[in-house]
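Hello,

I'm handing over a structure that may be new to you. Have a look at it first, and then read on for what turned up.

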Amino acid sequence: MPRSASWHTPLCLAPPALRPWLTERGSLTARLMAHFPAFSVRVCTQASAGAHDDERRAIALARRKQQVEAREVLLMSGQTPLVFAHSVLQHRALRKGFRPIGRLGNASLGSFLFATPTIRRSPLAWRQIDARHPLWRKAAAHVADLPARLWARRSLFFAGHDRLLVTEVFLPPAFAA
Ligand SMILES: C=C(O[C@@H]1C=C(C(=O)O)C=C[C@H]1O)C(=O)O
């Protein structure tokens, strides 16, 4: 079974209060800003890194060891973290279709993605993650007292043949998980 199979958890298993967030196909940033007036993007890292096991196929990495560009941010309401977002793309995609990501800084990725009409989004996929998953551990490095299981969603953005995989992990207490 491919590792990405675990990203096909049925949405009906998610808490009802979380479902509108998990299914938002427009900008999550825009939806969060509408609900949390003190919204901000806090960049944790943006650098060359290894891809996770469940990411390589999605971004069509040819080699297991091939490095990717990884951007990790906390979407915040004041001092409260709401979402841990992890985005990966091949370096060649960063030089081509997704070039503006190289100079985003604290601007939201959504502000670029949803302002670019030629960029297309795949369907969303969902799963719960726990401490066995690298994203749970990465979120835990930035956020204290995480519960054992967190809901996450992911989807691909396409700029021509270039791909960007965005995964968003929803953090309590802002979201019941
Ligand atoms: C994809 C979006 O961008 C959000 C902002 C991100 C960032 O700045 O790195 C990353 C993922 C998203 O949570 C969105 O707003 O929907």
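Let's start with the record: the unreviewed UniProt entry marks Arg71, Leu109 and Glu168 as "binding site" (positions follow the numbering used here, feature names are shortened, and annotations may be inferred rather than shown by experiment). These residues span 98 residues in sequence, yet no two of their C-alpha atoms are more than 12.1 Å apart, so they gather at one spot.

A note on the basis: this is a predicted model, where local features need pLDDT of at least 70 and side-chain atom pairs count only at pLDDT 80 or more, while totals for chains, interfaces and linings use all residues. Residues are numbered from 1 along each chain as its sequence is written.

Arg71 is found in strand E2, and Glu168 lies in strand E7 (strands are DSSP runs of at least two E residues, numbered from the N terminus). Arg71 is buried, with 22 other C-beta atoms within 10 Å; Glu168 is buried too, with 24 (buried takes 20 or more other C-beta atoms within 10 Å of the residue's own, placed from the backbone).

Now for their contacts (C-beta atoms, placed from the backbone, within 7 Å). Leaving aside residues up to four places away in sequence, Arg71 touches Gln46, Ser87 and Ile101. With its neighbours within four places set aside, Glu168 is in contact with Leu28, Val83, Ala85, Ala152 and Arg153. On that basis, Val169 has contacts including Val83, Leu150 and Ala152.

Happy exploring!

Conventions. Two residues are in contact if their C-beta atoms, placed from the backbone, lie within 7 Å. Helices (H or I, at least four residues) and strands (E, at least two) are DSSP runs, numbered from the N terminus. A residue is buried if 20 or more other C-beta atoms lie within 10 Å of its own, exposed if 12 or fewer, and partly exposed in between; C-beta atoms are placed from the backbone.
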